[in-house]
Amino acid sequence: MSDVMIGITDCAKYENYANWIKELPGVEVIKLSYDDPDFSAIDDCDGILLSGGQDVHPQFYDKLEYMDFYKGTVPDIDEQRDVFEWKVLAYSQENKLPVLGICRGLQLANAFFGGTLLLDIPSAGKNNHSKFREGEDRIHLIEISAGSTLEKIAGINTGIVNSAHHQSAAEVAENLTINAVSEDGVIEALERKDFEAHPYLLLVQWHPERMTDQQSPLSANIRRSFIEAIRTLKMNN
């Protein structure tokens, strides 16, 4: 019998996220998608997982001039998804729901709270953080900030993560703080300032749901901490 219901935003690889989070006992999921006009499904959610996928449209972080980058291409952007997930995030904050953001989820949340995005990591002179090819993530080291909540969750200050993104956070929203960076200085994770004083909000650029080592503290511990935070919140309300 389930006691925790997680709303997961829809994407091409939705099942990866759903299967990963449901591996913990007592956890069930609801797909949150703009294709479903009945937004009331979110009322049953105890927490929100923001999944990966397309680039966030630059209009959502006041950088419309960035659209020049996409000229001559078919942009990997879905404005309907952006609008919908903005609404999901707004609901989560109004109703004090714990949130875990993965890859695009980090980027969307940083924009939502007032930050900006780095349009293209390689163009900014950083190492390529995108996939080698479909089905094969890059891997690299991250350094975790001493004293951060992420350090407490993972129990380590360095670790190896997978990587499949060409954008990242640039200016960090005022109520968020950097808790992990790559060796070349790309922001790899964010958390809410005064973490303990608010509902759980952790954002990571890597994909814990498909790490080769599912026992890694940067996968298993993050999933467990998210669900434990939800259970604690429910118990205290």
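Over the ring of which residue does the charged end of Lys31 sit? That ring belongs to Tyr14, and its centre is 4.7 Å from the charged end of Lys31; a charge counts as sitting over a ring if NZ of Lys or CZ of Arg is within 6 Å of the ring centre and within 35 degrees of the ring normal. Lys87 is placed over the ring of Phe39 in this way, 4.2 Å from its centre. The model is predicted, with local features needing pLDDT of at least 70 and side-chain atom pairs pLDDT 80 or more, while totals for chains, interfaces and linings use all residues. Residues are numbered from 1 along each chain as its sequence is written, and side-chain values use heavy atoms, leaving out hydrogens and water.

Turning to the rings themselves, the whole structure holds 9 aromatic pairs (rings of Phe, Tyr and Trp, the last by its six-membered ring, with centres within 6.5 Å; planes under 30 degrees apart are stacked, over 60 edge-to-face, the rest tilted). Trp86 and Phe112 make an edge-to-face pair, at 5.2 Å centre to centre and 65° between the planes. Since Trp86 belongs to helix H2 (residues 79–94) and Phe112 to helix H3 (residues 104–112), the pair ties together parts 26 residues apart in sequence; helices (H or I, at least four residues) and strands (E, at least two) are DSSP runs numbered from the N terminus. Ring pairs join Phe60, Trp86, Phe112 and Phe113 into a cluster.

As for the sheet, 9 strands form an open, mixed arrangement in the order S2-S1-S3-S4-S11-S10-S9-S6-S7, where pairing requires at least two DSSP bridges between two strands. S2 (27–32) and S7 (158–163) are the edge strands, each with a single partner, so one side of each lacks a neighbour in the sheet.
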